[in-house]
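Please read the paragraphs that follow with the sequence and the structure side by side.

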Amino acid sequence: MFLVGLTGGIASGKSSVLQIFQQLGCAVVDVDVIARHVIQPGYPAHQRIVEAFGTEVLLENGDINRKVLGDLIFKQPDQRQLLNAITHPEIRKEMIKETFKYFLQGHRYVILDIPLLFETRKLLKYMKRTIVVYCNRDTQLARLMKRNGLSLEDAEARVQAQLPLKDKVRMASHVLDNSGEWSNTRRQAILLHIQLERSLEYLPLRLGVLVGLAGIASLLYLLARCLLPSPP
Ligand SMILES: Nc1ncnc2c1ncn2[C@@H]1O[C@H](COP(=O)(O)OP(=O)(O)OP(=O)(O)O)[C@@H](O)[C@H]1O
């Protein structure tokens, strides 16, 4: 198995592309979904967020108000660091669990949607391939304004706060252009899926594990032969 990091810009279409891969039967790890999961009431991160940011970030039903928290950390970078310090270790644990599950199921590759893959670079070294979901700036702004109900000025500020998409495109091993119709993006994703399925990059890890298991089995066999009394 090998890992493929999927990234892009805000509202460039990462979640939409991930859904296409999911429909194709691929193993996908959606960091956004995990991030929402680990802050649910009852999870350690929920408790720690309330301790750090107060009950103002809670909805009436006890869930975290992601909009309020999002606005808060967007304006105050030190608060963002604090939130990351609370949530990132929990998110990482879940990502490892899900990836391991896919490995046991025999998938050749796993796609991980990591919005800040190139910014934080922490997980980059584990990615055999990287995919950037690109869309041109005007389309990105229009989709962001529509989805989040933002003014042009606010949308521009959010796009501006990220590494430019063009830079990410330069760093990627694959680029999916999502500036046009869904059907166009879907076609590109299918071609990429075929290419990744054909790659032999999954073999080293699989062979390594098989050799390791065979080694352990042989060792146990030899031990059993040495320790158990031989039949008369
Ligand atoms: N090809 C497309 N045609 C029309 N609308 C699209 C297309 N791709 C994405 N969208 C819309 O643009 C918006 C942003 O897409 P999406 O949520 O997939 O982006 P994202 O990169 O995951 O965003 P974020 O990182 O900000 O959560 C959504 O409302 C989605 O429905």
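His37 has its place in helix H2, residues 31-37, where helices (H or I, at least four residues) and strands (E, at least two) are DSSP runs, numbered from the N terminus. This is a predicted model, in which local features need pLDDT of at least 70 and side-chain atom pairs count only at pLDDT 80 or more, while totals for chains, interfaces and linings use all residues. Residues are numbered from 1 along each chain as its sequence is written. His37 is classed as partly exposed because 14 other C-beta atoms lie within 10 Å; a residue is buried with 20 or more other C-beta atoms within 10 Å of its own, exposed with 12 or fewer, and partly exposed in between, the C-beta atoms being placed from the backbone. Between the C-alpha atoms of His37 and Leu222, which are 185 residues apart along the chain, there are 46 Å.

The UniProt annotation "transmembrane region", from an unreviewed entry, covers residues 203-224; such annotations, given here in the numbering used for the model and with shortened feature names, may be inferred rather than shown by experiment. Over residues 203-224 the chain is 100% helix and 0% strand, with its end C-alpha atoms 31 Å apart.

The domain assignment gives domain 1 (1-26 + 108-200), domain 2 (29-106) and domain 3 (202-232), with bounds that come from an automatic or database assignment. The centres of domain 1 and domain 2, taken over C-alpha atoms, are separated by 21 Å. Eight residues of domain 1 are in contact with eight residues of domain 2, contact meaning that C-beta atoms, placed from the backbone, lie within 7 Å. On the side of domain 1 that touches domain 2, H1 and strand E3 (109-113) are the elements that give two or more residues, and E3 has the largest share, with three residues.

Not counting residues up to four places away in sequence, Val110 touches Met1, Leu3, Val4, Ala27, Val29, Thr99 and Tyr102.

Of the 14 residues around the ligand, Gly13, Lys14, Ser15, Ser16 and Arg143 come nearest, a residue being near if its C-beta atom, placed from the backbone, lies within 6 Å. H1 gives the most to this shell, with three residues.

Technical notes: Two residues are in contact if their C-beta atoms, placed from the backbone, lie within 7 Å.
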